[in-house]
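This report describes a model with the sequence and structure shown below. Please keep both in view while reading.

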Amino acid sequence: MFDFAIVTSWIDQFLRSFLSAGWTLFVEFVLIGLVILALYAVLALLLIYVERKVCAFFQCRIGPNRVGPWGVLQSVADMVKILLKELINIKRVDPFLFKAAMFLVIIASICTFGALPFARGLQTIDFNIGVFYLLAVSSLGVVGILLAGWSSNNKYTMIGAMRSGAQLISYELSAGLSLMAIVVLSGSMQLSEIVNQQAEMWFIFKGHIPAFIAFVIYLIAGHAETNRGPFDLPEAESELTAGYHTEYSGIQFGFFYLAEYLNMFIVAAIATTMFLGGWMPLHIPGWEGFNQVMDFIPSVIWFFGKAFLCVFLALWVRWSFPRLRIDQLLNLEWKVLMPISLINILLMALLVL
Amino acid sequence: MSNSALFLVVLITAIFMVVAALVIAKLLAPTSTNPLKGDPYECGIPTRGTSWMQFKVGYYLFAILYLVFDVETVLLFPWAVTMKDLGAQGLFCVLFFIIVLALGLAYAWKKGALKWK
């Protein structure tokens, strides 16, 4: 299988051949930043297109079909358009926090994005406490959303931010606990190590029933954390206009939009990494020929294929279920998912021992 | 390359992206002023008073409950990593810990803290 470490080490040697060590490091850092930015932007455009197209098919429409073949350039056109929109200065906002909110939301999203193992040898940040890092950084987004709602000095944004805060912090618990079930199984928090352990068999199969329960809980909790689907109370458009980002205009609104779509992908990617084997191909012990055929498919395709399968599940849920009420939402988390995920960890521990 | 340095690179990338997009928007976007444009958006009705006021306490209750269980997650993760070495004894200790927490959740449930009023 193709290893991206070959490419990165070739670039490293190429740069070292005519630059000093310090400058090499600097150029590599800039390259890493550019690659992350490009991947982030391209994925955002792709996800917005996919969402609109899938939504259209669920509703028996055609969806975007004018800009480019099958409308594939629609989201590019939308991005150019949103950059050209006026940034309105709202009078009574808290100017510093109003600006800081979008920085926080994007920082939370990109920092999580940078830690994902995309393919063999293609991972930027690889802490030995990777799972911890993912949970910690992604929870920064809550702060951004609360600040956005509070600093706008608008009743809609305030209600939206409060709902979002209650929802995000609640669902973060069961997301963390369901990932912990996998940490119990693997005995490591390093993402690359977790992926490597799934070479023979993905954790969702290796962990039997507890892993499957954890996977389902993670998908539900992760879906709720992205403020989408049946859990879109914070921006319930029929009652709160747009929730916490009502007062943002132009590209400022675009950041929240971008972060929302990327968070959907990040949740899918974390589910892929932890449960579905990351970039590892599907291996069935004993089926040698089958395993070798699967090895021919590049790891990038495995990763993105599995991640987009999870994204499709999220879209399916979003366009199929009506919005929950806030008491139903909190009941689901505190009275159903929380107890189940606590018991699930003990079950997993018993299974491993 | 150490992970902390890479984390800084990613962080700077994020900040750079926001700043760059804002600068592009500032350069390209039109501006026009209008006395009503800066008002808070409330579907056309003039807004009354400030929004920075006392808020429903129900959200706060959930935030406090969250604090308890989030700290619990922090304590449980180290156990999860070393679970295989600690064996049955470790599992027993954690079982006790989780039972105490579950009692706390049951208490909050019975007191009606989980009920949305």
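Chain B has three helices and zero strands. Along the sequence, its pattern reads α-α-α. The radius of gyration of chain B is 25 Å, well over the 13 Å that the globule rule gives for 117 residues, so chain B is more spread out than a compact globule. Along the principal axes, the C-alpha atoms of chain B fill a box of roughly 70 × 50 × 15 Å. Of its 117 residues, 15% count as buried.

The model is a predicted one, with an ipTM of 0.86 and a pTM of 0.89. For chain B, the average pLDDT is 82, and 99% of the residues score at least 70. Within chain B, confidence is highest in helix 1 (residues 3–28), at a mean of 87, and lowest in helix 2 (residues 58–81), at 84.

**Chain A**

Chain A has 15 helices and zero strands. A compact globule of 353 residues would have a radius of gyration near 20 Å, and the value for chain A is 21 Å, which agrees. The C-alpha trace of chain A spans about 65 × 60 × 45 Å along its principal axes. Among the contacts in chain A with a separation of 6 or more, 79% are between residues 24 or more positions apart.

The table sets out the two chains side by side.

| Chain A | 353 residues | 21 Å | 52% buried |

Which residues of helix 5 of chain A are buried? Helix 5 (residues 130–138) is mostly covered, with seven of its nine residues buried. They are Gly130(A), Val131(A), Tyr133(A), Leu134(A), Leu135(A), Val137(A) and Ser138(A). These buried residues pack against helix 4, helix 6 (140–151), helix 7, helix 8 (191–197) and helix 12 of chain A.

Helix 14 of chain A covers residues 299–318. At 1.5 Å a residue, its 20 residues should span 28 Å, and the end C-alpha atoms are 29 Å apart, which agrees. The buried residues of helix 14 of chain A include Trp302(A), Phe303(A), Phe304(A), Val311(A) and Leu315(A). Charged residues are also on the list: Lys306(A) and Arg318(A) are buried. The buried residues of helix 14 of chain A pack against helix 2, helix 10 (208–225) and helix 12 of chain A.

**The nonpolar core**

In soluble globular proteins, nonpolar side chains tend to be buried together. In this model, the largest nonpolar core has 127 residues. Those that touch the most other members are Val105(A), Ile106(A), Ile182(A), Val184(A), Phe265(A), Ala268(A) and Ala271(A). Helix 7 of chain A gives the most to this core, with 19 residues.

Val184(A) has contacts in both chains. Leaving aside neighbours within four places in sequence, Val184(A) is in contact with Ile345(A), Met348(A), Ala349(A) and Val352(A), and also with Ala80(B) and Met83(B).

**Two single residues**

Is Gln252(A) buried or exposed? Gln252(A) is part of helix 12 of chain A. It has 24 C-beta neighbours inside 10 Å, and the cut-off for buried is 20 or more, so Gln252(A) counts as buried. Beyond its neighbours within four places in sequence, Gln252(A) is in contact with Leu87(A) and Met102(A). Gln252(A) and Arg92(A) are 160 residues apart along the chain, and their C-alpha atoms are separated by 17 Å.

Pro339(A) lies in helix 15 of chain A. With 15 C-beta neighbours inside 10 Å, Pro339(A) counts as partly exposed. Pro339(A) and Ser174(A) are 165 residues apart in sequence, and 9.0 Å apart from C-alpha to C-alpha.

**Where the chains meet**

How many residues does each chain bring to the contact? Chain A brings 61 residues and chain B brings 52 residues. On the side of chain A that touches chain B, at least two residues come from each of helix 2 (21–58), helix 4 (95–113), helix 7 (155–186), helix 12 (251–274) and helix 15 (326–352) of chain A. Helix 7 of chain A gives the most to this side, with 13 residues. By class, the side of chain A that touches chain B has 38 nonpolar, 14 polar and nine charged residues.

Key. Residues numbered from 1 in each chain as written. Chains lettered and ligands numbered in written order. Predicted model: local features only at pLDDT ≥ 70, side-chain atom pairs only at ≥ 80, totals over all residues. Contact = placed C-beta atoms within 7 Å. Helix = DSSP H or I, 4+ residues; strand = E, 2+ residues; numbered from the N terminus. pLDDT = per-residue confidence, 0-100. Rg over C-alpha atoms; globule rule 2.2 N^0.38 Å. Buried ≥ 20, exposed ≤ 12 C-beta atoms within 10 Å, placed from the backbone. Core = buried A, V, L, I, M, F, W, Y, C linked by C-beta atoms within 7 Å. Expected span 1.5 Å × (residues − 1).
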